[in-house]
Amino acid sequence: MGAPMRRMNVVTVAASLVATSLVATSLALGVVVGFAVPAGAQAPASGATAFEGARLIVGDGRAPIENATLVVEGTRIVQAGRAADVRVPAGATHVSLTGKTVMPMLIDTHVHLSATRESVIRDLRRRAYFGVSAALSLGQDSYDLLDIREQRIPGAARFFSAGRGITMPEPGRIAVSQQHWITSEADGRKAVQELAEKKVDIVKVWVDDRAGQFKKLTPEFYAAIIDEAHKHGLRVTAHIFNMDDAKGLIRAGVDAFAHGVRDKDIDDEMVELYKKRADMVVTPNMPDRGVKTDLSWLRPGLPAADFEKIEAANIDRPREQLFHGIQARNLAKINAAGVRITLGTDGNRAWRPHEQMEDMVLAGMTPMQVIVASTRNAAEFLRMIDAGTLEAGKSADLLVLDANPLDDITNTRRISAVILRGAAVDRAQPVR
Ligand SMILES: [Zn+2]
């Protein structure tokens, strides 16, 4: 008997994919993760799954493909395109995504995760729940945690890390054990050498006096750090606050900013400096808008106590609105100037990319520009050659949505399913 064509809706995708990737334990696991495995479900002969009928947003800025087919084998996409152009292998499992939109999973290029292995893995699982496939932790991570980067933990985002970042002493703010506190150029070079030995993904520096509380890295110190990093093939990303520091860092060859300029509206000279550096990456990392918003979409994704805490802080804050306004205008300016932008959220809020994307649109980016910043640009920044777009050869990291985010960017929150490295992420319960 030939393999019967199996048609499923997206709710049963999880069961199908679990069955495909873990044949021996599929039934047991199917029960554990709360999805009903259809009677007689088994791995199809070809091992391929064809996701059919969705609108496909590739992630590189091209127009969406209506009625697309994506063929996934194991952890990879093997074909993606218009249904008419894709040849689905015989025996493939067919999954109908009619009415859905599929886009690449999001990549967050500025986070700070927890301090222990167990809690970092929980943080990464929370990110996968919210459709985030990778996160770059910027500068407060113990070297003991760096091996998590090589792991592919089912249902968990990938981890990238700057290890211990570099700053002048900031006693009382962050523990020295989490940072390199330097007071000379030689200290700075030594810190970079240690980071290179630990093979961090990027070097993080803070250039900020925290409203006059501390001395900030001098131009001589950060020039030495950038020079030493580049000698070791490492890039440097800078936490900045003031435009003058941003200008100094660009002139010293910094590779990225982990924030936009925050003290004032940027001037023409700043825009010109950006334009001269086509390779430069800016993670605008917009602060909270400071307005009360509808958070009901978050309720199913968080433990009740966590949600209540966030809702209690959900009030209008006029000072933050002013602060947000500066950064929104600066983002609009650099976006218009063609600066390469990536998604970043700071802190440890797994859902925050969805709010950040809305903020980026409100600042004047188009939904498509924001999606590219959050997928392809972010993947390229992290040098993830197999992620960021949905194309043949890439990791099958699919964010399946109930509505089109090009119509309204908040539709990224309307998650129907998350498929990470070809396997459905269990979204039946919030990650605890
Ligand atoms: Zn940060």
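Guide: Let us begin with contact: two residues are in contact if their C-beta atoms, placed from the backbone, lie within 7 Å. In this structure, leaving aside residues up to four places away in sequence, Leu56 touches Pro64, Ile65, Ala68, Leu70, Ala80, Val102 and Leu390. This is a predicted model, in which local features need pLDDT of at least 70, side-chain atom pairs count only at pLDDT 80 or more, and totals for chains, interfaces and linings use all residues. Residues are numbered from 1 along each chain as its sequence is written.

Visitor: What share of the contacts with a separation of 6 or more joins residues 24 or more positions apart?

Guide: Such residues account for 70% of those contacts in the chain.

Visitor: How many of the residues are buried?

Guide: A residue is buried if 20 or more other C-beta atoms lie within 10 Å of its own, exposed if 12 or fewer, and partly exposed in between. Here, 48% of the 432 residues in the chain are buried.

Visitor: Which residues touch the most other members of the largest nonpolar core?

Guide: A nonpolar core is a set of buried Ala, Val, Leu, Ile, Met, Phe, Trp, Tyr and Cys residues joined through C-beta atoms within 7 Å. The largest has 114 residues, and Leu56, Leu70, Val102, Val203, Val205 and Ile225 touch the most other members. Helix α5 (residues 219-231) gives the most to this core, namely 6 residues.

Visitor: How are helices and strands identified, and how many are there?

Guide: Both are DSSP runs, numbered from the N terminus: helices are H or I with at least four residues, and strands are E with at least two. The chain has 12 helices and 19 strands.

Visitor: Why is strand β2 described as largely enclosed?

Guide: Strand β2 (residues 48-56) has 8 of its 9 residues buried, so it is largely enclosed by the rest of the structure.

Visitor: Which strands pair with β2?

Guide: Strands of a sheet pair through backbone hydrogen bonds, either parallel or antiparallel. Two strands count as paired if DSSP finds at least two bridges between them. Strand β3 (residues 65-73) runs antiparallel to β2, with 7 bridges; there, Val72 is the bridge partner of Thr49. Strand β5 (residues 93-96) is parallel to β2, with 4 bridges, and His94 in β5 is the bridge partner of Ala50. Strand β6 (residues 101-104) also pairs with β2 in the parallel sense, over 2 bridges. Leu56 has Val102 in β6 as its bridge partner, and Val102 is also among the residues that Leu56 touches.
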